[in-house]
Amino acid sequence: MLGKIIGAIAGAQASKYSRSLGGTGGAVIGALAVPLLRRMSWPAIALLAAGGYVVSKLNDKGSAPRY
């Protein structure tokens, strides 16, 4: 239960940086993410994190000014 509360708080804070997701939606996603991550294996979590890193780097690369 404590994990879901912490996940909800983290999701609500993360939703501040998203235009399409409100505070309540972020809290719900954060609360649902905790049990899903507990059921995943460590290699799957590592691949998920690596994929998120690659997507963020590609997104940052596309928004950089070109000279």
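Guide: The secondary structure of the protein chain comes to three helices and zero strands, where helices (H or I, at least four residues) and strands (E, at least two) are DSSP runs numbered from the N terminus. From the N terminus on, the elements run α-α-α. This is a predicted model, in which local features need pLDDT of at least 70 and side-chain atom pairs count only at pLDDT 80 or more, while totals for chains, interfaces and linings use all residues. Residues are numbered from 1 along each chain as its sequence is written, and side-chain values use heavy atoms, with hydrogens and water left out.

The part to look at closely is helix α1. Helix α1 covers residues 2–14, which is 13 residues, and reaches 18 Å from its first C-alpha to its last, close to the 18 Å expected at 1.5 Å a residue; the expected span is 1.5 Å times one less than the number of residues. The buried residues of α1 are G7, A8 and G11, where buried means under 20% relative accessible area, exposed over 50%, and partly exposed in between, with a 1.4 Å probe and protein chains only. An α-helix has 3.6 residues a turn, so residues three or four places apart point the same way. On the face of α1 turned away from its buried side are the exposed residues L2, I6 and I9. Q13, which also lies in helix α1, is partly exposed, with a relative accessible area of 41%.

What covers the buried residues of α1 includes α2, residues 23–39, and here contact means heavy atoms within 4.5 Å. On the α1 side G3, K4, G7, A8, G11 and A12 take part, meeting G23, G26, A27, G30, A31, V34 and P35 in α2. The two helices α1 and α2 pack at an angle of about 140°, with their axes 6 Å apart. That angle makes α1 oblique to α2, because angles under 35 degrees count as roughly parallel, over 145 as roughly antiparallel, 65 to 115 as roughly perpendicular and the rest as oblique. Axes are lines fitted to C-alpha atoms, for helices over the stretch in contact, and angles run from 0 to 180 degrees between N-to-C directions.
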